[in-house]
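Subject: Structure handover

Hello,

Here is the structure for you to look at. My notes follow below it.

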Amino acid sequence: MAITDLIPWNRGKRQIQVQREERDPFLAFQHDLNRLFDDFWGGSWLTPYGASEREWSKFSPQIDVVETDTEVKVQTELPGLEEKDFEVSVSQDTLTIRGEKKQEKEEKGRNYYRAERSYGWFQREISLPRNVDTDQVSAEFSKGVLTISLPKVAAQEDRKKVVVKAK
Amino acid sequence: MAEEKKDLQLQETEKQEVQESGAERTRARPAFIPRSDIYELDNEIVVVADMPGVDADSVEITLERNTLTINGYVKPTELAGYTPAYAEYREGDYQRSFSLSNEIDQSKIEANMKDGVLYLHLPKVGPTTRKIAVKTG
C-alpha cells in the first residue's frame, strides 16, 4: 500500500455522501489529524533557517474539494490575503497551497478587545487523483476565496486486461 | 463599547455557526459568526471581520438603536453536477451583532471591504464635556 492511499481522497466518494464535520465526530477527528500532519510536514521547524520569520502559525485555511467526471475543483478561504501572499503549485499527484497571512502592522496605542483572526505561515497539501491534467490547472482568487480548477484527462486504464488462453 | 454578552468560545480554525440570534433566519443557508478583531484607537474603534466570499455589494450593515448588525451574504458557488470529495468548511452567510455605547458617533460609521475582510470604523464622539457652573444661592 502506498502512503498516498492513506490520504482520504476517495473518502466518501460516489454513492456515500460526504459527511460534514459537525455531524460526524470521527470525520472531524480525521480532518484534525490530516491537518496535524499537514502542519507537521509543512511546519517551519523542519527548516532550520528561516524558522524565525515563519512563525508557528495558527492560520490554516480550510479546503473543500468537489469534482465531476471532467474536473476537480478545490476551494479555500483566504480572507485578507492578496495574490502575492500565497502560491499554488502542482506536482504529479499533489496540489500545494502555501503562503502567509501577514498581520497588519501593529500600531501603538491599539487596545484590543478581541483578537480572533489568526495569522501566520501556512501550507496545505491535497493529494490529487491520477487522471488530473497538471498542465491545465487554473486558479482564480476573488473576495478572499481561492478556486483552483484541475481538469481531468480522459481516463487511462492503468491496468490492462490479459487474455487467458485455455489450453 | 460593550461587546457581545455571550462569551464565544471560538475554535481556532473552524467556522462558528450562529446558534441563536434575535431573529429567525429566513434563508435556508447556515450563517457563521465572522472571526473579528476589535481594537480601540484614540479616536475610533475598529472592527475587522473575516468574511471570505462576501463582496462590498453584498454586505449589509444596519444600526438599530445601539445594535450594529453585520450581515454578509455569500453568492453560492455554482456546483450543480459536482460531487463533493473532501469537505472541511461550509459555505454560508455571515452574521454578527455588536452593541455600541454612546461614545460612538453613529452618523460617521464607515465600512470598507477588501479581499473578503470587512473593516468597520466607528469614530468616537469628540469631547463634549460641558462644565456646569454651580451657583450658590
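How many aromatic pairs are there over all chains? The count comes to three. The rule takes rings of Phe, Tyr and Trp (its six-membered ring) with centres within 6.5 Å; planes under 30 degrees apart are stacked, over 60 edge-to-face, and the rest tilted.

One of these pairs is A:Tyr112 with B:Tyr39. The ring centres are 5.1 Å apart and the planes stand at 50 degrees, so the pair is tilted. A:Tyr112 belongs to strand E5 (residues 111-115) of chain A and B:Tyr39 to strand E3 (residues 36-40) of chain B, so this pair joins two chains. Strands here are DSSP runs of E, at least two residues long, numbered from the N terminus. A:Tyr112 is partly exposed at 28% relative accessible area, whereas B:Tyr39 is buried at 5%. Buried means under 20% relative accessible area, exposed over 50%, and partly exposed in between (1.4 Å probe, protein chains only).

Another tilted pair is B:Phe32 with B:Tyr94, at 6.5 Å centre to centre and 50 degrees between the planes. B:Phe32 is in strand E2 (residues 31-33) of chain B and B:Tyr94 in strand E8 (residues 93-99) of chain B. They are 62 residues apart, so the pair links distant parts of the chain. B:Phe32 is buried, with a relative accessible area of 4%. B:Tyr94 is buried too, at 3%.

A note on the basis. This is a predicted model, in which local features need pLDDT of at least 70 and side-chain atom pairs pLDDT 80 or more, while totals for chains, interfaces and linings use all residues. Residues are numbered from 1 along each chain as written, chains are lettered from A and ligands numbered from 1 in the order written, and side-chain values use heavy atoms without hydrogens or water.

Now the sheet. Five strands form an open, antiparallel sheet in the order E7(A)-E8(A)-E2(A)-E1(A)-E7(B). Strands pair if DSSP finds at least two bridges between them. Seven bridges join E2 (residues 71-77) of chain A to E8 (residues 145-151) of chain A. Across them, A:Thr76 has A:Leu146 as its bridge partner.

Last, A:Thr96. This residue is in strand E4 (residues 94-101) of chain A and is buried at 9% relative accessible area. Its contacts (heavy atoms within 4.5 Å), leaving out residues up to four places away in sequence, include A:Glu87, A:Val88 and A:Arg124.

Best wishes

Methods: Helices (H or I, at least four residues) and strands (E, at least two) are DSSP runs, numbered from the N terminus.
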